[in-house]
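Have a look at it first, then read on.

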Amino acid sequence: MPILRLAIPSPLRNEFDYLPPEGWSDAQAAALQPGIRVRAPFGRREVTGYLLAVLPDSPLASTRLKAAIEILDQKPLIKPAMVQLCQWAASYYQHPPGEVLPAAFSHPLRKGKAHKALGNAAWRLTTRGKGLPAGALSRSPRQALALEILQQQDAVPASHFSNEGVSSAVLRSLREKGLIQADTLAPAGMAATHREPLTLNPDQARVVASLKESSGGFSTQLLEGVTGSGKTEVYLHLIAHCLKKNQQVLILIPEIGLTPQTLGRFEQRFDANIVVLHSGLTEQTRYKAWEAGRDGSAHIILGTRSAIFAPVDRLGMIIVDEEHDSSYKQQDGFRYSARDIAVKRGQLENCMVLLGSATPSLESIYNAKEKRYQHHLLPSRAGGSELPSIQAIDIRKQSLQAGLGAALIDSVEQTLTAGHQVLLFLNRRGYAPTLQCHDCGWIAECRGCDARLTVHRRQGKLRCHHCGASQALPRQCPTCHSSALMTAGLGTEQTEEFLRSKFSPWPVYRVDSDSMAKKDAMHDLVSELMKGEPCILLGTQMLTKGHHFPTVSLVAIIDVDSALFSNDFRGEERMAQLLTQVGGRAGRASTPGKVILQTHYPDHPALQAILQKPYAEHAREILVGREAMGMPPAGKLLMLRTDAADVDTGEQFLQSLRTQAQPRLPPGTSLIGPLPSPMQRRAGKFRSQLMVTADSPKAAQAVARLLVSIAETLPVRRGMKWSIDVDPIDVF
Ligand code: ADP
Ligand code: ZN
Ligand code: ZN
């Protein structure tokens with residue numbers, strides 16, 4: 001009897017065998033294809049599982065197997081390549097397959113709902129309806145209106161009638177009279193067209209020609225182009241190339257906030273069905289976008305990280321924009337890198353993968369150097385504007401106002417007076433990072449984390465930026481009852497206040513996850529800025545992600561020192577990317593740009609490197625250091641983490657893991673730890689970690705399998721959780 005091997009949503013890293021549902025013949029069961037959804041009993045629950053394979057028999061006796069309850073799909077909704085991609089990801093990231101496969105399905109389908117095709121129902125006139133004399137239905141104005149609409153078009157979408165105020169009852173009575181009949185509309189085929197593109201400059205033309213040449217099958221291409229070099233224009237040309245071949249294109253961008261701007265550029269260029277996939281949409285909208293990718297009616301699918309798992313009918317190319325961005329790595333649960341999965345997907349679906357960035361990750365630079373990726377360079381800005389000049393300002397002994405020294409205040413003033421826009425970068429939300437009692441020294445700390453609470457004055461709250469805890473801003477010190485509470489340090493809210501009073505009446509816009517929480521906030525802001533009126537933009541990290549602010553001519557980093565002293569081995573890379581990206585917002589149009597970095601450490605080598613070298617050169621120097629240390633991307637890392645209710649449990653678990661693994665470690669691998677995590681206590685849990693290094697991807701995979709197989713046999717105390725992170729991005 002054939003056996004169904006299923007991926008079942010559960011934390012167990014196993015595949016599960018079932019008998020076919022009652023009433024299914026062996027031949028019927030044997031013909032089932034991987035990817036179909038199957039309802040099955042699991043423990044005391046009924047779950048939606050995913051068929052991975054039909055096997056002739058199971059290692060378990062068939063008397064011990066349960067029967068599946070129901071086959072939910074006639075045919076798989078996703079292609080074999082997507083099933084393979086999920087299985088590969090489950091194995092690479094050591095994550096339960098039953099928690100990976102759902103990523104390829106839209107939410108209602110994960111819950112076992114029946115698959116619904118897009119609303120392509122339509123109505124058309126019957127021969128009798130066509131022959132109806134004019135005025136025949138004049139006694140029923142609604143029916144007459146419906147008829148009039150149908151006389152103008154061959155088949156009319158059902159949705160069109162409700163928009164026109166024609167109810168389904170009206171349509172039903174017309175059908176009963178034999179005047180109209182139901183129909184379906186075909187999904188859009190090759191409808192996409194594009195408007196006149198810009199004339200490519202010679203660099204772009206060279207890159208586009210070379211990419212077109214490679215676009216017939218799988219390859220990975222790294223497009224390294226300085227900020228404003230016209231990478232997006234290169235994407236647009238290649239997308240047009242794919243659309244002409246009737247292929248669909250999947251594009252990943254790092255942030256929801258970027259979608260309106262990117263979408264706008266695509267919509268201007270293409271007369272095409274462009275759908276958007278990200279977590280900020282309603283379930284209904286997301287389902288429609290997912291289905292349009294799957295059934296082939298969407299030409300362009302634009303999405304954030306999780307869209308890498310969206311099924312696409314005729315995938316022609318995957319673009320990962322701002323490929324260095326850390327938001328492509330999921331940091332909890334299924335810890336995958338959408339960029340790396342994109343490359344695997346391109347291989348399985350035989351299409352080109354294009355990674356673009358002004359500041360590529362060292363991973364991608366390394367892969368290009370090792371000839372796994374092809375490398376393309378756009379060395380200068382497209383519109384003829386110059387890259388901005390960078391200057392460090394020593395603020396030692398200077399008096400500061402809300403973090404700004406006199407020289408910077410002057411520059412801001414001059415820029416505004418000259419009619420240009422200013423962008424100030426401060427990577428700290430809230431009013432101040434510390435609340436302190438002046439009389440006894442008490443400091444407001446989070447109850448659950450090893451961290452201070454941030455003062456959010458406008459909301460009247462103290463908030464923890466690590467666990468989200470929040471409480472009212474106290475008026476008195478809880479230990480000595482003094483009311484002499486003071487804030488220390490600087491956040492965007494405070495600097496905003498200062499800028500408003502200092503530079504009134506010029507407008508000040510604060511851009512952080514607090515002020516941009518509303519759905520259209522970023523879109524509205526960008527439209528406002530496009531008018532080009534002088535103003536000040538003050539923001540966090542959020543400002544650095546690819547946004548295009550054409551008339552910003554001065555960019556200043558208020559506190560560059562906070563980026564200088566990172567403990568993470570990626571610290572220097574991250575800082576170089578951040579500063580290059582922030583600086584890159586300057587001088588994109590005709591006005592030449594200037595970047596100012598305020599620092600107490602003007603001679604710091606990492607800062608000097610940024611002042612003296614372009615990112616491309618600096619990054620390759622950092623890479624030499626990484627290779628010498630055997631750190632990623634030259635070597636591989638894995639992290640095993642625990643969190644537990646007390647200090648010892650997690651560390652003991654990792655210690656037993658280490659003891660058992662040590663004698664069986666694959667060659668080229670070693671273990672470091674267990675150690676407390678950098679922030680040991682977070683959201684009330686104590687965290688520990690065991691780091692694993694490996695000198696090759698193969699060794700890394702072998703040691704990952706070994707550690708997981710041991711960890712699964714170790715006793716786990718109640719309240720403790722462990723996880724594995726393959727290619728972690730936050731390490732120290
Ligand atoms: P990137 O994505 O590399 O940051 P963009 O594609 O956003 O760069 O281009 C930066 C600016 O240069 C945009 O205003 C764009 O319209 C303009 N641009 C790009 N390519 C050309 C070109 N070939 N000719 C004229 N302007 C161009
Ligand atoms: Zn006190
Ligand atoms: Zn906290």
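## Around Thr713

The side chain of Thr713 reaches the backbone oxygen of Ile710 at 2.6 Å. That is a polar contact, meaning a pair of N or O atoms within 3.5 Å; within protein, one must be able to donate a hydrogen and the other to accept it, and residues adjacent in sequence count only if both atoms are side-chain atoms. Thr713 sits in the loop between helix 23 (697-711) and strand 32 (721-726). Helices (H or I, at least four residues) and strands (E, at least two) are DSSP runs, numbered from the N terminus.

At 59% relative accessibility, Thr713 is exposed; the scale runs from buried (under 20% relative accessible area) through partly exposed to exposed (over 50%), using a 1.4 Å probe and protein chains only. Leu657 is 56 residues away from Thr713 along the chain, with 9.6 Å between their C-alpha atoms.

## What you are looking at

This is a predicted model, where local features need pLDDT of at least 70 and side-chain atom pairs count only at pLDDT 80 or more, while totals for chains, interfaces and linings use all residues. Residues are numbered from 1 along each chain as its sequence is written, chains are lettered from A and ligands numbered from 1 in the order in which they are written, and side-chain values use heavy atoms, with hydrogens and water left out.

## Two zinc ions

Which residues hold the zinc ion (ligand 3)? Cys446, Cys449, Cys464 and Cys467 coordinate this ion through their SG atoms, at 2.2 to 2.4 Å. Donors here are N, O and S atoms within 2.8 Å of the metal (3.2 Å for Na, K and Ca); water is not among the atoms, so sites may look incomplete. Cys446 lies in the loop between strand 20 (434-437) and strand 21 (454-456), and Cys467 in the loop between strand 22 (461-463) and strand 23 (470-472), so the pair ties together parts 21 residues apart in sequence. Cys446 is buried at 6%, whereas Cys467 is partly exposed at 31%.

## Ligand 1

How many residues surround ligand 1? There are 17, and Thr199, Gln204, Lys231, Thr232 and Arg265 are the closest; a residue is near a molecule if one of its heavy atoms lies within 4 Å of it. A backbone N or O atom of Thr199 is 2.8 Å from a nitrogen atom of the ligand, and an N or O atom in the side chain of Gln204 is also 2.8 Å from a nitrogen atom of ligand 1. Helix 10 (residues 231-244) gives the most to this shell, with three residues.

Most residues other than glycine have a negative phi, and most peptide bonds are trans. The bond from Ser504 to Pro505 is cis, with omega near 5 degrees, and Pro505 lies in the loop between helix 16 (492-502) and strand 25 (508-511). Glu322 has a positive phi, near 50 degrees, and is buried at 8% relative accessibility.
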